[in-house]
Structures are given as C-alpha cells and as structure tokens.
Amino acid sequence: MKNREIAEILSEIAKALALSNDNFFKIRAYERAARAIKDLPEDIEKICKEGSLTDIPGVGEGIAKKIKEYLETGKMSKYEEVTKDIPHSLLTLLDIRDLGSKTLGVLHKELGVLSLEDLKKVIEDGTFAKIEGLGEKTAEKILYNIREYEKRMGKQGRFLLGEVMLTVNEIVKKLKNIDSVTRVIPCGSYRRMKETLGDIDILVESKDNKKVMKKFTSFQEVKKVLESGETKTSVIIEGQGIQMDLRVVPEESYGAALMYFTGSKDHNVHIRSLAQRRGLKINEYGVFRGSMRIAGKTEEEIHKLLHLQFIPPELREDRGEIELAMKGNLPQLVNYNDIEGNLHTHTKYSDGENTIRDLVLKSLELEYSYLGISDHSKTASYANGLSVTELKKQSEEIDRLNEEFNEFTILKGIECDILLDGSLDYDEDVLSSLDYVIGAIHSHFKKNVTLRMEKALENPYLTILAHPTGRLISKRKGYELDIERVMDKAKEREKILEINAYYDRLDLDEHNTREAYKRGIKFCINTDAHNLRMFDWMDLGVGIARRAWLGASAVINTYKLKDLLDLIKRNG
Ligand code: DGT
Ligand code: CA
Ligand code: CA
C-alpha cells in the first residue's frame, strides 16, 4: 500500500508551505489530507482505481489530482516545486516539538540553520537565545525536545502495533490465497499484542516452501528482500519499513513452531526447562522423547502434554502465567468480542466527522448493543466544544434516535474538560442531565495535573477519567503526574479509568492498567473515535486489558446495558 508514502509527501508539502509562509488554510488542507490517508484502512491505489479519492475526508479535488499524478507517474510536481529550494534536513526539524515554522524560518534566515546539527550548535553557543522573542527559556525547552526527538528517532527500531496492523492483514490474506498454503498466522510480539514491535513474524503451513517464498517476495508490499531460504525469508515492508520474517513449516511442526515463534523468549526458556524436567525436549519442530516426536501439530496438544492449561498469547511474558497454568489457575481474560459498546466517541457537534446516526449504524455493524456520545465540553474551543444550548439540541436528537432504534441504546455523555482549578466544565444541572461524564485534561498540561485529577475524581458527577497519563507512544511522555495518587483516588471514589485504545495513545498502558487492576479499579475501553474507522481500534485496547490480565468484569463496557447503567448511576 502506498498510503503512508503519500501521507508523508503531503505532510512534507504542508511543512514546506509553512516554511514559506504560505496560506494557513492551504497548509491545514495538506495536513488534514495527510492524516486522513495515514489512517485509511483501504488501499489508496484501489480507491483511486475503483472509487473516488475525494470520498476520503479532507481530500478535495486539488489534492486528489496530485495523488493521482503520483500514483500514475511516481512523482508529484507540487512536491517537487515546493521543496525545490528547501533542504530536506530543514523540513524534518519541524518534527521537533514547539519548533514552529515561523521560528525555524527565522533561524534559517538569520543564523543559516539547515540541519539538526546546526540547530544544536546555535542553541549551545547562545546565538539562538539572542534572537528576538526566543530567549534562554525557549532555548532550554527546544534543547530538551531535541533530546526527546533524538530518542524517538533512535527508537526507529520499534513500530506501533496499530501502525502495521492493516498491512499485516493484507499480507496474511494474500498468503492464504496461495494454492499450497493451508494456514497463516502472525506470531511474535504481534500475536502477543505488544504495543510496539521490533519486527513481524509470520508462520505459514505449506508443503511447497519454494512456491510460498517466490510468491511472497513478489508481493507489492515487499520493498526489499534481505534473505530468502528454504524455510525462512526476511524482507522489508514498503511504507513503514518494518522487517517481516516469514517461516514455512509442515503440518506436523505447525503447533511447535507457533509456540516457539510466538514467544516471548523468556516464556519459551521457562517452558523448555519445564519440559526438560519431564524428560522432554521442546523446540520449533516439536516435542521429543529421545529422538521420537510425540507432539507438535497444535499448541493445545503441547500444553496438554506439559500438563499446562492453555496460555493465551497475550500472557506469554513469563510473569507468573506458567506457574498458574500448571495449577489450572489462569485468569479468565476479557475477550475481544465481549465488548458491548464504545462510550468515548465524537460527532459533528464537536470535532468528529460523523453524525450520531452514522455512529449508531457503525455500532450495529459491530454488533454492539449501546453507544455513548461524548463530544467536547464548552471550554474546549480548539475542538469546537458544545455550548449548553448545543448540548441540549444533541440530547433531543439522541431521544429521537433512541425511539427510532429499539433494541439499541444511545447514552448521553460528554468529554468534559478538567479546568485549571480541577472543576468540571459545566454547572451541576447540566452534568446531572447526562448519563455519564468523562473527565479529561486538555490544557495547562504542566499545571498541577495530579491535584486537578484528584479533585475531578472527587466530583460526584465524574464517571470516567479519560486517557489518564496523556502519553503518546514514542512522541510525548505524558503529563507530569503521580499516577499512583490518581489510582488511589479513583479507587477511593469508585471511578472508572479509561483504556484509550487509539493506536498511538494506549493510555493507560498495560503496566498502569495492571497496577490499577490490582487495586480493584474498573476500566472502560474506549476508542475516542472521531470517525467511523477509529471504531476499529477497540481490539488494541482489549489487547492492553488482556496483557494486564483483566477479566470481563473489570471492563464496564462488556456489561449488558442494565448492569452498565446500575454502575454508572451509582458512580457519577
Ligand atoms: P520483537 O520482534 O522485538 O517485538 O519481539 P518478538 O517477541 O517478536 O521477538 P523476535 O521477533 O526476535 O522473535 C520471535 C520469537 O521467536 C520470540 O518471541 C521467541 C522466539 N525466539 C527468538 N529468539 C529466541 C531464542 O534465542 N530462544 C528462544 N527460546 N526463543 C527465541
Ligand atoms: Ca517479532
Ligand atoms: Ca523476528
């Protein structure tokens, strides 16, 4: 898929335009289109051929034409034109936080800054701070952000799970279509649902290794073949640039290979010593007594042979799961299809792309039984937050839709800003008219975040605390926050913590989720959907919950409507 490539080019055009002080709206248009295309689940080339590019939100006629040109010729003349006089190293500096195009333009013009090295130099020799409007404090802040940026770039080794999921699905589908192939499954950290991946490991069952390898290396998603042998081929994937290792095994080793390549390594080492104690040898080919293979076809038979309860992949980290499986005491984990509804969603009333009805239809498609609407609150002007009047209008629309769709329920919620003093963004009579309130910090990230959250959690109207740490994986560290205190307060007041399932948030992460769970806190897994596609991130949140050992009873949006209402009425 060329989606990422095109998103990248459009984003670079936006940066180049910003550096040349071009029209603000034009810049925003390119940024919007880039974001939409980056998140697009379908192949953009397919949309171009079979549908219309302008159906993609944010893509107008002009940009559509440019994308078409790129798909047809491999070039985009607009890109060439706007980046002609701007070195690429300068454009990438716009990825450093708080370094805007205006400042960078000035640094370029006055100090000749062209690259990261130049930038560091002018900060260190003090000339940066002398520029009007910048000063020591800004210099310090930018230097800190540069370090963060470098760390991020250094971590290029790891990729976000959500970022590669669609590509993996595409490739798995194609592999399944090869004649001799009977089974295909991604293993490794991908199967364990880790939030970041070093590489992708795919296991294929087939009798015709040569054919599979030949077909695989010719897929259009494959950018470069690193090595290709009889049983293993490694390639680099187009777009993301992540490595994919493909292994082909026969039926009798499939289960053993699946277990081995699912890992984790620590888990495997522990399993192997367990087998040894039983006089067995286990490897990726099977389980052996002496030279005799006694199991290997399925993971289930291997677990049985080792007297282990089946261990779900998300638990295989050697964090005590093997000991519990030996005693048959593994926790019953929340399942991907236990989810009954999405409670953190945005509509056109604030900054979402869809109507309430659209979200209902999408929910029905996912076989959910309820939906919670939670647009932004009035102070959130950056996100078109709702005035009291607009909220009332929305409430009336929800009443009408609830009459229209029986057997399905739309709940009235809000994503309510937690203000600087820790109060919520509407009066009590407004808050009490809602089914539930999601509190979130959206501004003043550096000011008393812990105290404000504690105060919000003490508010009887607050039901759920949204994205509690504010982190963006490998982009933003999150608020300066004493998460333990927030957890304690949530427990004391019986409030729900959100697991925000959006792929670069995943907030809470698995570790904080586990900690909070141990304290007896309950969770809501939300996608924070601003469009229909974002509903599909739910599985990532469930993955976090499973990796944190959560059962369904700890996840309130697995409850049937009545139980959910009982709970939220009691709590907020
Ligand atoms: P990643 O790719 O860094 O996100 O993490 P994994 O877990 O996918 O690791 P990877 O791709 O290096 O290897 C895939 C699986 O193969 C790993 O989870 C366990 C297994 N494996 C790899 N190396 C070893 C090893 O030296 N010993 C054992 N027992 N298993 C290994
Ligand atoms: Ca891997
Ligand atoms: Ca690997």
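Modeller: Domain bounds come from an automatic or database domain assignment. Here the chain is divided into domain 1 (3–153), domain 2 (158–249), domain 3 (250–330) and domain 4 (341–571). Between the centres of domain 1 and domain 3, taken over C-alpha atoms, there are 48 Å. The model is predicted, with local features needing pLDDT of at least 70 and side-chain atom pairs pLDDT 80 or more, while totals for chains, interfaces and linings use all residues; side-chain values use heavy atoms, without hydrogens and water. Residues are numbered from 1 along each chain as its sequence is written, and chains are lettered from A and ligands numbered from 1 in the order in which they are written.

Colleague: Which residues come nearest to ligand 1?

Modeller: A residue is near a molecule if one of its heavy atoms lies within 4 Å of it. Around ligand 1 there are 16 residues, of which Arg-158, Ser-189, Gly-198, Asp-199 and Arg-272 come nearest. Domain 2 (158–249) and domain 3 (250–330) each give at least three residues to this shell. Helices are DSSP runs (H or I, at least four residues) numbered from the N terminus; helix 12 (188–191), helix 14 (254–262) and helix 15 (265–277) each supply at least two residues of the shell.

Colleague: Which side chains have polar atoms close to N or O atoms of ligand 1?

Modeller: A polar contact is a pair of N or O atoms within 3.5 Å. A polar side-chain atom of Arg-158 lies 2.9 Å from an oxygen atom of ligand 1. For nitrogen atoms of the ligand, the distance is 2.6 Å to a polar side-chain atom of Arg-272 and 3.4 Å to an N or O atom in the side chain of Tyr-260. The protein covers 73% of the 600 Å² of accessible area that ligand 1 has on its own, as given by the Shrake-Rupley method with a 1.4 Å probe.

Colleague: What coordinates the calcium ion (ligand 3)?

Modeller: Donors are N, O and S atoms within 2.8 Å of the metal (3.2 Å for Na, K and Ca), and sites may look incomplete, as water is not among the atoms. The calcium ion (ligand 3) is coordinated by Asp-199 (OD), Asp-199 (OD), Asp-201 (OD) and Asp-245 (OD), at 2.2 to 2.8 Å. Along the chain, its donors follow the spacing D-x1-D-x43-D.

Colleague: Which residue bridges this ion and the calcium ion (ligand 2)?

Modeller: Asp-199 bridges the two ions, which lie 3.8 Å apart. The calcium ion (ligand 2) is coordinated by Asp-199 (O), Asp-199 (OD) and Asp-201 (OD), at 2.2 to 2.8 Å.

Terms used
Polar contact = N/O pair within 3.5 Å; in protein donor to acceptor, adjacent residues only side chain to side chain.
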